[in-house]
Amino acid sequence: QVQLVESGGGLVQPGGSLRLSCAASGIKFSIYAMGWYRQSPGKQRELVASITNGGSTNYADSVKGRFTISRDNAKNTVYLQMNSLEPKDTAVYYCNVQLTNFWGQGTQVTVSS
């Protein structure tokens, strides 16, 4: 049974940082590309960042230079380091095994003063 468990969300002031983690189980993690998505009320879920099994990364234009995706195959975990957070980054963040329907439960990120 595949499980993806996100953690690390919370309330942060504009300009602050958070690091999200997604721990995977039930899959051979190292062979899969992974992605972070987000969804805010009234909007469609959007891809924030992805990382291939080889470590190549891709980012949405809105987060380039501020967010960094990484992975630790020994820990079956993918991370999203978020710096210089802005109110527009407020959303529920989900991790996903790329090209599958495996999703985590989501973690809320709120950027507000």
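User: Is Trp103 buried, partly exposed or exposed?

Analyst: This is a predicted model, and the assignment rests on its computed relative accessible area. Buried requires under 20% and exposed requires over 50%. The value for Trp103 is 30% relative accessibility, so Trp103 counts as partly exposed.

User: What is the geometry of the rings of Tyr94 and Trp103?

Analyst: The ring centres of Tyr94 and Trp103 are 6.5 Å apart, and their planes stand at 85 degrees. Planes over 60 degrees apart count as edge-to-face. Because the angle is 85 degrees, the pair of Tyr94 and Trp103 is edge-to-face.

User: How many residues apart are Tyr37 and Trp103, and where do they lie?

Analyst: By the ring criterion, the structure has 2 aromatic pairs. Tyr37 and Trp103 form an edge-to-face pair, with 4.9 Å from centre to centre and 65 degrees between the planes. Tyr37 belongs to strand β4 (residues 34–39), whereas Trp103 lies in the loop between β9 (91–97) and β10 (107–111), so that the pair links distant parts of the chain. The separation is 66 residues.

User: Which residues do ring pairs link into a cluster, and are Tyr37 and Tyr94 buried or exposed?

Analyst: Tyr37 has 16% relative accessibility and counts as buried, and Tyr94, at 14%, counts as buried as well. The cluster that ring pairs build consists of Tyr37, Tyr94 and Trp103.

User: What is the distance from the charged end of Arg45 to the centre of the ring it sits over?

Analyst: The ring in question is that of Tyr94, over which the charged end of Arg45 sits. Elsewhere, Arg71 lies over the face of Phe29, at 4.5 Å from the ring centre. For Arg45 and Tyr94, the distance to the ring centre is 3.8 Å.

User: Which residue takes a positive phi in the hairpin of β4 and β5?

Analyst: β4 and strand β5 (residues 46–51) pair in the antiparallel sense over 5 bridges, and Ser50 in β5 is the bridge partner of Gly35. The hairpin of these strands has 6 residues between them, and the residue with a positive phi near 80 degrees is Gly42.

User: Which strands are the edge strands of the open sheet of 4 strands?

Analyst: The strand order in this open sheet is β1-β3-β8-β7, and the pairing is antiparallel. An edge strand here pairs on one side only, and this applies to β1 (3–7) and β7 (67–72). The twist averages 15 degrees from one strand to the next. The edge strands are therefore β1 and β7.

User: Over how many bridges do β1 and β3 pair, and which residue stands opposite Gln3?

Analyst: β1 and strand β3 (residues 18–25) pair in the antiparallel sense over 5 bridges. In this pairing, the residue of β3 that stands opposite Gln3 is Ser25.

User: Which residue forms a salt bridge with Asp61?

Analyst: Asp61 has 65% relative accessibility and counts as exposed. The closest N and O atoms of its salt bridge are 3.1 Å apart, and the partner of Asp61 is Lys64.

Definitions and conventions: Residues numbered from 1 in each chain as written. Predicted model: local features only at pLDDT ≥ 70, side-chain atom pairs only at ≥ 80, totals over all residues. Heavy atoms only, no water. Pairing = 2+ DSSP bridges. Helix = DSSP H or I, 4+ residues; strand = E, 2+ residues; numbered from the N terminus. Axes fitted to C-alpha atoms, helices over the stretch in contact; angles between N-to-C directions. Salt bridge = Lys/Arg side-chain N within 4 Å of Asp/Glu carboxyl O. Buried < 20%, exposed > 50% of the residue type's maximum accessible area, 1.4 Å probe, protein only. Phe/Tyr/Trp six-rings, centres within 6.5 Å; stacked < 30°, edge-to-face > 60°. Lys NZ or Arg CZ within 6 Å of the ring centre and 35° of its normal.
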